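Hi everyone, thanks for coming.

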Amino acid sequence: MRWSRYYLFTTREVPADAEIVSHRLMIRAGMIRKEAAGIYSYLPFGWRSLQKLSAIVRREMDAAGAVELFMPVVHDAELWKESKRWQEYGKELLRIQDRHERDFCLGPTHEEVVTDIVRRDVRSYRQLPKNLYQIQVKFRDEIRPRFGLMRGREFIMKDAYSFDADQAGLDAAYDAMAQAYERIFEACQLDFSRVEADTGAIGGSSSHEFMVLADTGESEVVSCRECGYGANVERAETQPPAPPEVQKPAEMQEVATPACHTVAEVAELLGIGRERVVKTLLYDTPEGPAAALIRGDREVNPTKLANALDVPEVTLADETLVRKLSGAAVGFAGPIGLPDSVRLIADESVRGLTNFACGANKTDAHLTGVNLGRDVDLSEFHDFLLVTAGDACPRCGSELSLSRGIEVGHIFKLGTKYSERMGCTFADEQGQDQPMIMGCYGLGIGRTVAAAIEQNHDDNGIIWPLPLAPFSVLVLPLTNRDDAVVAAAEGLYEDLLAKGVDVLLDDRDERPGVKFNDADLVGIPVRVVVGSKSLADGKVELSLRRDGEKELVPVEGAVERLIELAAV
């Protein structure tokens, strides 16, 4: 492809809303163009990269036994009402009506549609297992789309769905998909990690995320170097922190704590460690108010708390609700004397505490010498601790570490959540109808390409991993005014094309500085520079974008050497 004829326009301008590296570089390198908040056109240079990733995905999905299909982006509301997600999904589901005022939605995911397809065709256990996948546009009406392709409203995803007759079949399908995902990201030459994850709005019994590790990642990843345990911070567990020394129960007393709104201020005033203060955090939930108790030196993980309360989400109570429930200002709520309508739940870190301090449900006052059982009737304990670096691994006890990652894939064991609700059944060996056991497996196409850029760039631009590069080789003549240079560049270009190499010839009539700056920006992995001086010696200059090391080679052997460097 000749640059002069290709649709590739770079820019130095950076949009004001471009907050992360991949967003800035994809705009500047002419890969994407914003059409509306969270909605982008994929320009030819960017689309080539997405197509290369899609080819890798198709190869590995097919090898794992999945079969490709293509489902509509517009879904009939009746299917979503059958699954009960029409009401459950929330405002991210964009609901629309046609001219007949019939309800539809733009699909954020395709469990309903694929379940409807399979229930119409598969009748017997003899027809199972089945695994269907597609690469398709999704739409989620994010409240705050940002970070370019990382959190858009319209995006491209590979989603697969498995259907099995029993749990063993689901386990096998899940493992096959997990291994396929590992092969995909390995083929893309990405540094990634597979971690335990929360199932979220998709549902199911368990799930894993695949994270591309990058300092700019929006998610925190917890990992153990000793045993390999890994989880995203929403799902991560740890061994309960060691409780403070058990003390002989003291008398409970109310103590004035004027203007002490934080644990640190209360602990300093009372002369105790923060681990002996119990925070009582009030939350608003779809099932009513809840009070979460946790040790003062630790923080609540909202996702784990929502799971413990069996609600979709939790929201910290605002000042008005705090005053209504506790009768006090924010910072002085406690477990003693709250209304019966407030569900009292404690983190495991609170179990075994003696003589702790907590809010008195009175502004500027706390209670000391509080003990469970005697002073607080508390029977509901769960793990909703936010894990931090240095905590003990839940499996081996070694120290956990934190890193940042970008979620690019997510796989779920759905079980029978959708098949039971939607009547997707099969006849077993005894002729009895049973719900199919399902799994679903998502991989962000645009998101993975963006994550590759987050992991592979420098101050000058993108450094493509070869398998995802829009072009493998860039032929860069320094001038269009030297016939020998033009002829040599054209010859290399034609020979590389004949060998099946993805090659871009920068035949623009631009200054060398412009060409070099653009070459660094767009990040094509292998570069051959043809200049008058080196060509006079019968040589051209080869280099890799990743390290910039230059190599002078004879023109006659340049094509073979370029093919060697560009081999994936």
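Buried here means under 20% relative accessible area, with exposed over 50% and partly exposed in between, using a 1.4 Å probe and protein chains only. Strands (E, at least two residues) and helices (H or I, at least four) are DSSP runs, numbered from the N terminus.

Before going on, a word on where this comes from: it is a predicted model, in which local features need pLDDT of at least 70 and side-chain atom pairs count only at pLDDT 80 or more, while totals for chains, interfaces and linings use all residues. Residues are numbered from 1 along each chain as its sequence is written, and side-chain values use heavy atoms, leaving out hydrogens and water.

So, what pairs with strand 7? Strand 8, residues 154-164, runs antiparallel to strand 7 with 10 bridges, and there Lys130 has Phe163 as its bridge partner. Strand 3, residues 67-68, is parallel to strand 7 and joined to it by two bridges, with Val67 opposite Leu132. For pairing, DSSP has to find at least two bridges between the strands.

**Strand 21**

Now please look at strand 21, residues 401-415, where 11 of the 15 residues are buried. Which strands pair with strand 21? Strand 10, residues 206-213, is antiparallel to it with eight bridges, and Val212 has Ile406 as its partner. Strand 11, residues 219-223, is also antiparallel to strand 21, over five bridges, and Ser223 faces Ser401.

A pocket is an open set of points on a 1 Å grid over the protein atoms alone, where a 1.4 Å probe fits, with protein on both sides within 12 Å along at least five of seven lines; lining residues have an atom within 4 Å of a point.

Of its 25 lining residues, His261, Lys279, Thr280, Leu281 and Gly331 lie nearest the centre. Strand 14 contributes the most to this lining, six residues.

Thanks, and happy to take questions!
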